[in-house]
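Please have the structure at hand while reading.

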Amino acid sequence: METTLKNISRRNFIKLSGLTGTALTLGFSFSASANELDIWNASAAESSGVELNAWISIDTNGKVTLLNHRSEMGQGSFQSVPQMIAEELEVALDQVNIIFAPGNGRKYGSQVTGGSSTIRGSYKKLLRLGASAREMLIETAAKKWGVNKSECYAENGSVIHRASGKKFHYGELVTEAAKLEPPKEIALKNPKDYKLIRKPLPRQDTPMKVNGKAVFGLDFKLPGMLYAVVERSPRFQGKVIKWDDTETKKVPGVKHVLKVTRDEFGNMREGVAVVADNTWAAMQGRKALKIEWDDTAFPHHSTEELYAKMREQVKGEMISFRTMGNTTSAFAKAEKKVEATYETPYESHSCMEPLNCVAHVTDDKIEIWGPIQGPDWIQQNICSHFKLPPEKVIVNMTFLGGGFGRKAFTDYPYEAVMISKEIKAPVQVIWTREDDMTIGPFRPGMVYQCKGAVTGSGRIGSFETKISGQNMDMQNPGADKTSYNGSDTEGFLEGYFESIPHYSFGDSPLDSPVPVMWWRSVYSSTNAFAFESFIDEMAVQAGKDPIDFRRQHLGERYQLLMNKLEQVTGWKERGKNTGYGVAITECFSSIVGEVVKVSKTAEGKIKIDKVWAVMDCGWYVNPDIIKAQVEGSIVMALGAATKHETTFKDGKAVERNFDAYKMPRIQDIPEIEVHIMDNEEKAGGVGEPGLPPFTPALTNAIFDLTGTRIRRLPFSLDKIG
Amino acid sequence: MASITLKLNNKNYTIEADPKMPLLWAIRDLAGLTGTKYGCGIAQCGACTVHLEGVPVRSCSIPVSSAANKNITTIEGLSTDNSTAVQRAWILEQVPQCGYCQSGQIMAASALLKRNPNPTDKDIDAAMQGHICRCGTYPRIRKAIKTAAQLMTQK
């Protein structure tokens, strides 16, 4: 296997992929008007002046180069994107080179790797692209042999004439094939015939991740590159009044001290950068800095104040998002009423690779390298700040040491660009772990007040949720703060909307200077705890088995998932002295059910014995990557449920490093068993949907075992009544 | 500043450094070997783990001066071809997701298996609990250590 990983410019890609008229290169064009997808071959596109995003190129040696337009932050797009194209192209993955596309939204469509969207957003296009190239190669071979193309087929990088066994390697066909028009109509393979898709193929990036060769943002170096760390206001919106760098400049290796700004949701934040010839010197120089901050213009919130406000706000008027019927009167008339308030904490993303970015600003262009989830956003952001056209701003993605939403944010590259421009040298800005944990943005803390009615027959009669928490969309200056949060129902099963007669979801946004941002599975990561705990509370009121209680409201696709859950967990035969909890959530077009089994240790602590997950993500590519993503989602949820929380005191984040922000460790992890539903539904997301159901399944299991209902996170498994 | 000789993966590197500089930054910025990662700087996450005279240590918390002239092995020094049992097991079990913490995890697992070729779950917990993986690859790390132990007996 030869997988090269290079960050490339367009010219380099052309060189690498042999796009000189002797190669077959296919790509898409996104016409401005339509969603219609045009597949072009490169030479035709060039002569028509169509800008093409080059996805596949096959050179005369038969070498295939594929471009991955999405970030690789652990979720496996590095594997699954080529696995899809190679399937229809009929090549083995070891015949393929994979390279990352540079940031360019105009060419690649959205590259923001978020919303579990890489596959569900583009799989049909990628399959069609692979199939188009294959058909053009078959057509070329058939012509050369003077036979009908239906007599030929493609396999393993060659076209074969069925009757005679004659064979052309793709490399022998590309020059001719490049002159053809891509076919308009193309039949995709029947999933039954898949050779690569749905197979647990090993990831192409694994070998370079076990020997130190994978280049993450922090590992990227340029000749003459300097290293910078930045002292940012410890309170979120502080401004620099003045600083004294006398001691800083005495640190050997320190080269520059300068004020920098950072664009956080359109608000300019301030800091002082120390630039040195190595990271350590920059860190030492920063310690010696004395900065006076003006932080009088905004409130200095504590965790207690934030939650007191949210608890107050859920009692008041909501901005209504989605309603049906009349929950107020249904609740008033209900035989059995259930009421509960749930609270979820602020959290840090804490990617293992702290934020960093390399920038090199020269007279004619800006070039950036880094662990970047949103290269196209960053390109737009830099273009607009520095008033440059897109071709002069090159954004290169390295591997990401975790992302989880944080690295889709555009603040950290901007800072690096600013410093490089000022000092006229390439520079890497490194966030220390303390910076990473205290500057934010964070997952917002939330309070949910739920009221529900259970009917005489034991069904959900009404379901009302009032939510308070910071709205991530309301942080830009001039944001409309009167609009509802469109994510109020994220995580809730779509099927419930069809069967619950009265429901209402509304929110009351909290105003605070604490910056907030997507955190793996976004609002579902907290909504689901409230929704699925509350459904469990209603099931208890109804006196029904929690799966049966859900079952009476849900359609066939959910029924199949619940059947599978019951079957794999032995739900109906579950024993005494153990607690079982279930939760089912839906987000990013995937449905996931999880069951947690808990027991009590001799010391009276809760032990998680096992977790089962059933993932229904519809059409899928690589089952092993899906399993890994669900395992990882469960571990991340376990941390946020039972280990860590970001708190605030006097306007500052308290937890600064892993000594205070405690992470789950190997001894905390139960056995996890993941199953995937096989169906022909549309492809759903994989990287996030496994996270939301874990926590309510766990707390529902603890209730089942102990009768103690947990309504605030995080909690300690060692201290349950 | 002092002139210090680092013996990294059986190769000598002479560097000019503040003797108090953590070994991690000397390895990464001055010797240019970037497989060893920065994760926390306070010996809490294990991403920076290297072997010092065969013993796993947190390179973020050891001054470079105290590692001078001693044998240091980093992830790059395990093998040039992913041929060690631990690396092979990591590939077989498809452990890495983002991969950032895995250098440290692999260095810890290699040291564990060297002193205990057949570790129990408890042994694995004890040896690996200093290592954080935010992607949550822990179940596969455990499995891969057991697979590596088997691979070692097959040789």
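How many bridges join strand β3 of chain B to strand β5 of chain B, and do these strands run parallel or antiparallel? In this predicted model, β3 (residues 49-52) and β5 (residues 71-73) of chain B are joined by two bridges, and the two strands run antiparallel. Within this pairing, B:His51 has B:Thr73 in β5(B) as its bridge partner.

**The sheet of chain B and its helices**

The pair belongs to an open sheet of five strands in chain B, ordered β2-β1-β5-β3-β4, with mixed pairing. Because β2 (11-17) and β4 (55-58) of chain B stand at the edges and each has a single partner strand, one side of each is left without a neighbour in the sheet. On average, and with direction ignored, neighbouring strands of this sheet are turned by 40° against each other.

Helix α1 (residues 23-30) of chain B packs on the sheet, where it touches β1 (2-8) and β2 of chain B, and its direction makes about 105° with that of β2(B). Helix α3 (residues 102-115) of chain B, for its part, lies across β3 and β4 of chain B and runs at about 40° to β3(B).

**The two domains of chain B**

The domain assignment divides chain B into domain 1 (2-77) and domain 2 (85-154), and the C-alpha centres of these domains of chain B lie 21 Å apart. Contact between them involves 14 residues of domain 1 of chain B and 11 residues of domain 2 of chain B. On the side of domain 1 of chain B that touches domain 2 of chain B, β3 and β4 of chain B each supply at least two residues, and β3(B) gives the most, with three residues.

**The contact between the chains**

Chain A brings 45 residues to the contact with chain B, and chain B brings 48 residues. On the side of chain A that touches chain B, the elements giving two or more residues are α7 (279-287) and α17 (623-642) of chain A; the largest share, seven residues, comes from α17(A).

The table sets out the residue classes of two contact sides.

| Contact side | Nonpolar | Polar | Charged |
|---|---|---|---|
| Side of chain A that touches chain B | 23 nonpolar residues | 13 polar residues | nine charged residues |
| Side of domain 1 of chain B that touches domain 2 of chain B | seven nonpolar residues | six polar residues | one charged residue |

Notes
Residues are numbered from 1 along each chain as its sequence is written. Chains are lettered from A and ligands numbered from 1 in the order in which they are written. This is a predicted model: local features need pLDDT of at least 70, side-chain atom pairs count only at pLDDT 80 or more; totals for chains, interfaces and linings use all residues. Two strands pair if DSSP finds at least two bridges between them. Helices (H or I, at least four residues) and strands (E, at least two) are DSSP runs, numbered from the N terminus. Axes are lines fitted to C-alpha atoms, for helices over the stretch in contact, and angles run from 0 to 180 degrees between N-to-C directions. Two residues are in contact if their C-beta atoms, placed from the backbone, lie within 7 Å. Ala, Val, Leu, Ile, Met, Phe, Trp, Tyr, Cys and Pro count as nonpolar, Asp, Glu, Lys and Arg as charged, and the others, Gly among them, as polar. Domain bounds come from an automatic or database domain assignment.
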